[in-house]
Amino acid sequence: MVNLTIDGKQVTVPKDATIYDAAKSAGIKIPILCHDKKLHPFGGCRMCLVEVEQMKGRQIPACTTPVTEGMIVSTMTPEIVKARKLVLELLLLKHPIDCPVCDAAGDCDLQNLTYEYEVNANRFQDEKFQHKIDYENPLIERDMNRCVHCGKCARICDEIVSYGAYSFLNRGLEAKIGTEFDGPLNCEFCGSCVSVCPVGALISRPFKFKARWWSLNKVKTVCSYCGTGCQLTLGVKDNKVLTTIYDENQGFHNGQLCTRGRFGYQFVNSDKRLTTPLVKKNGRLEQATWDEALGLVRQRLSEAKIAGGATVAGLVTPRLTNEELYLFKKLFGQGLGSDNIDHSAGYAHEALTAGASESLGYPASPASISDIQATDLLLVVKSDAYETHPVLGFEVNLGVKRKGVNLRIVSDKKGKLSRLPNAATYIHRPGSEVVLFNALAKVIVEEGLADSTATSLPGYAELVQSLSAYAPTAVAGQCGMSADDITALAREYAKAEKALILLPIGIGYPGHGKVLAQSVINLALLTGKIGKEGCGVLIMGEKNNSQGAADLGIHPVAGGRDAAGILEGCVSGAIKTLYVVGENPVVSYPNRKKVESALDSVEFLVVQDLFLTETASKADVVLPACSFAEKNGTFTSVGKAVQKVRKAIAPIGMARSDFEIFSDLYSSLGGEVPKGLDATFNEIAAEVPSYSGLTLEKLGENGSVYPVTNKPRFMPVVGSAQESTAGAMALVTGSALNHCGTLSLYGEGPMYVCPEGYIELNNGDATKLGVEEGQSVTVRSSVGEVKLKAKVSMRLPAGVVFSPYHFSDMSINGITDGASVTWVTISK
Amino acid sequence: MIMPLINGLKITLKHLFMKPVTLQYPDERPTPSPNYRGLHALKVSHNRAKCVACYLCPTVCPAKCITVEAGEDQNHDKYAERYEIDLLRCIFCGYCVEACPVDALKMTDQFELANYKREDFVFVKERLLEK
């Protein structure tokens, strides 16, 4: 610790602090334009000049100067004020005074400082910049005439996002922030640059001219896309969510958001939202009252209850809050006596609910998000971890670039993470992950690299025995990796002091189920890398509350039907009433034809959703529900953080929250509904062991990470080789960066950038097939065929093609059937 | 006793021959002073309203009677797609004129604002444009 005096105040700070940090901790505000706490100090704007007595009263920048013992700092002498005024005058020389039409006004650092330092005249004269304004992309507008050259956009894009879309071009007076070859911006559109821009040089186009910053009501909540659990501030006006607002003090991610979080909020106030219940009359869905619609559902459910409950089933989305999911489970369990409930196609939660649960004793990850930057070696299963959870991807970027984390990726294709410094990507054959992880474990056992604690864990002997067939030399061919690579990777993993494995899961990844999770956990247990800081396995649930759904056990627990079983039951007639809440199985579940025939043949289909989705249009009764912005509750993130969601707007139209609808139905079945959210949360805390002791109040601003106790055991698993079909290509599905599930299809931002499905193939394969970028191709599998646009890239190995699963038109589930790899042929 | 009575009558008599203060409205009409705050008007320049929809007038308005909605024109510039003043709420304080950074708003000398229907008191952009 270092002691120093700032403006007469004694301050004690760590020795790596700067004067700026020290002043901030003492509550002294030093003005800044180019500094951001997430970025390396830059020292470009000279606004933070201070005087240090020991440096003969010279003016030095506070943001780049480290503190030294006994330093005496003044931050507000008349000389300093004069210098800061000069800086502002020089900036305003070039900066246009178009505050009335600039969206940054009110939230503009330059405007605030100009006001604070009373710069109302300029001693100098010069012409303004005449740069061309970039209106070309639909999300970020770049007006470089307003730029003050703080470089924050270029730095955040490089340091955190690792994209590098911006850089300073030219020198001296002609310097400006530009893109590659000074062309239009074409990046992943996460909008981080917009969030840090201190002026209005970079603004969000979807929000352009919509409202002034000061008229927005700011509501802190949690993002409803992926499972990362990013905290979000919504800008609300007139019952409309108009934008997301950057708050650098929010969450583990310091306000950093990805493209869907920042630009994908439009689904909340979309014109396509359902505003009234719909009831099918003469084959057509017609508007109805709540009484009529709910009456029909109540009647069906009470009939099903009398029949014993086995004829009714529910599919629910893990996008609901914990309280709603809990009530849904109660409605089926206690209310109807049915165990036929499931979510995420049944397989996309298995890694947690079956894999981790059997191996460790709880359905959650044995690691948290903070472990990503605290580890030494990060092993990522599938480069898609970036696309599924972009903000966790930023954490990986920061870990690799700042903390020297070694990044190893085992994947069926390369991705953005592969380009990080010192990252090694091992490309394996699609679908061979389990074989590969077993082989890694085999090497560790063979070479005696296993941790001393491993041998005493239950199931060790069986594991060793089960691994006998997985010698690297024997399975190298199956994995498509050389035996040397497998051995080297295993040694590296075992020898790293701290190592963390990232395993993304989701409907797009049918191979990432129970078996893979257990083989990954086996590897971690074998090397003693569970239960320590910076170690473990982070199983990354796909949806905002996938972890909560796993914790609450929203899946058959007493022999009921799982998602696949429910759909089969619909066809066979065993399921007569199907209640679908928020899921869109027609587009997202594998094998569209099968799902559609199941939904067509079920006697009574109730769909509760925000939109008239492909699934809802088949329903007998459609109930309009509320989005995350219209309700209070909690979500549980990948990192086991239970966080509060806050209501920002009143429900759209006649929509009711899922909580209200479930309450109504449950009480009509004679159940006793907990009174309010607090009571429901308390019940959850009483029933779910890991939530015990939590209350809504205790969660506070930043949520609370619940602890888990490991009861580890080895679960030997069998990996099988993928049987290939001669001449066919391996199709792997997954997430696109701009999308999450099918919800983002209703967000304008994601749809501007990635409006339709595509099939991505290697450039060699494309040449062989004579296919060009953007050309429409027919993809055929044993299940069916779809026509998709081709996207040619270098990241896929020969013979492998990739397609995202979100899109309803020509959805990829027209040709998949729940296998980790689908063999397809492609023709023009 | 008689003097005060005469004095009083003197004053009455004087006023009989003075110019009357009362205006015989509507036959006679007043000329409001130059800084009179009557009906608002949006100033026009180059055939369009000068207003850039900066929202400062609705922000400053103590009666919350101004509604502005900004739009983006073909040149990507900001303009007021909707500009409404609800005169039933307006207190004619003139803060909106003071707040305007581009001198796009003024208050005219029009004071005859009576009307029959409530809706007629909502002045939309077309009605507010300077004639």
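1. Let me start with a pair of helices in chain A. Helix 19 of chain A and helix 21 of chain A come out oblique to each other, because angles under 35 degrees would count as roughly parallel and 65 to 115 as roughly perpendicular, while this pair packs at about 55 degrees. Their axes are 7 Å apart, and the crossing is left-handed. On the helix 19 side the contacts come from A:Leu567, A:Cys570 and A:Val571. Facing them in helix 21 are A:Lys594, A:Val595, A:Ser597, A:Ala598, A:Leu599 and A:Ser601. Bear in mind throughout that this is a predicted model.

2. Now for helix 13 (residues 433-446) of chain A and its partner, helix 17 (residues 514-526) of chain A. The two pack at an angle of about 15 degrees, and their axes lie 9 Å apart. That makes helix 13 of chain A roughly parallel to helix 17 of chain A. Their crossing is left-handed. Helix 13 contributes A:Glu433, A:Val434, A:Phe437, A:Asn438, A:Leu440, A:Ala441 and A:Ile444 to the contact. Helix 17 answers with A:Val515, A:Leu516, A:Ser519, A:Val520, A:Asn522, A:Leu523 and A:Leu526.

3. The largest nonpolar core has 269 residues, and the members touching the most others are A:Leu440, A:Leu503 and A:Val520. Helix 13 of chain A supplies the largest share of this core, 10 residues. There is also a second, separate core of 25 residues, with B:Cys51, B:Cys54, B:Leu56 and B:Leu128 among them. As for A:Leu503, leaving out residues up to four places away in sequence, this leucine touches A:Ala351, A:Val381, A:His512, A:Ala517, A:Val520, A:Val537, A:Leu538, A:Ile539 and A:Met540.

4. A further helix pair to look at is helix 8 (residues 322-336) and helix 22 (residues 658-668) of chain A. Their axes come within 9 Å and cross at roughly 20 degrees, so helix 8 of chain A and helix 22 of chain A are roughly parallel to each other. Here too the crossing is left-handed. From helix 8, the residues involved are A:Glu323, A:Glu324, A:Leu327, A:Phe328, A:Lys330, A:Leu331 and A:Gly335. They meet A:Asp658, A:Phe659, A:Phe662, A:Ser663, A:Leu665 and A:Tyr666 in helix 22.

5. Is helix 12 of chain A mostly covered or mostly uncovered? Mostly covered, with 10 of its 13 residues buried. The buried ones are A:Pro390, A:Val391, A:Leu392, A:Gly393, A:Phe394, A:Glu395, A:Val396, A:Asn397, A:Gly399 and A:Val400. The cover over these residues includes helix 10 (371-374), strand 17 (377-381), helix 11 (385-388), strand 18 (406-411) and strand 21 (536-540) of chain A. The length checks out as well: at 1.5 Å a residue, helix 12 (residues 390-402) should span 18 Å, and its end C-alpha atoms are 18 Å apart. Just after this helix, A:Gly404 takes a positive phi of about 65 degrees.

6. A:Glu118 has a positive phi of about 50 degrees, and sits in the loop between helix 3 (109-116) and strand 6 (140-142) of chain A. A:Glu118 counts as exposed because it has 10 C-beta neighbours inside 10 Å. A:Asn282 also has a positive phi, near 50 degrees, in the loop between strand 13 (278-281) and strand 14 (284-287) of chain A. With 5 C-beta neighbours inside 10 Å, A:Asn282 counts as exposed.

7. Over in chain B, check the peptide bond joining B:Tyr25 and B:Pro26: it is cis, with omega about 5 degrees. B:Pro26 belongs to the loop between helix 1 (2-16) and strand 1 (40-42) of chain B.

8. Last, A:Lys38, found in the loop between helix 1 (19-25) and strand 3 (49-52) of chain A. A:Lys38 has 18 other C-beta atoms within 10 Å, so this lysine is partly exposed. Setting aside neighbours within four places in sequence, A:Lys38 contacts A:Ile160, A:Glu248 and A:Asn254. The C-alpha atoms of A:Lys38 and A:Ala619 are separated by 48 Å, and the two residues are 581 residues apart along the chain.

Note on methods. Residues numbered from 1 in each chain as written. Chains lettered and ligands numbered in written order. Predicted model: local features only at pLDDT ≥ 70, side-chain atom pairs only at ≥ 80, totals over all residues. Core = buried A, V, L, I, M, F, W, Y, C linked by C-beta atoms within 7 Å. Buried ≥ 20, exposed ≤ 12 C-beta atoms within 10 Å, placed from the backbone. Helix = DSSP H or I, 4+ residues; strand = E, 2+ residues; numbered from the N terminus. Contact = placed C-beta atoms within 7 Å. Expected span 1.5 Å × (residues − 1). Axes fitted to C-alpha atoms, helices over the stretch in contact; angles between N-to-C directions. Parallel < 35°, antiparallel > 145°, perpendicular 65-115°, else oblique. Left-handed = near helix turned anticlockwise from the far one by under 90°.
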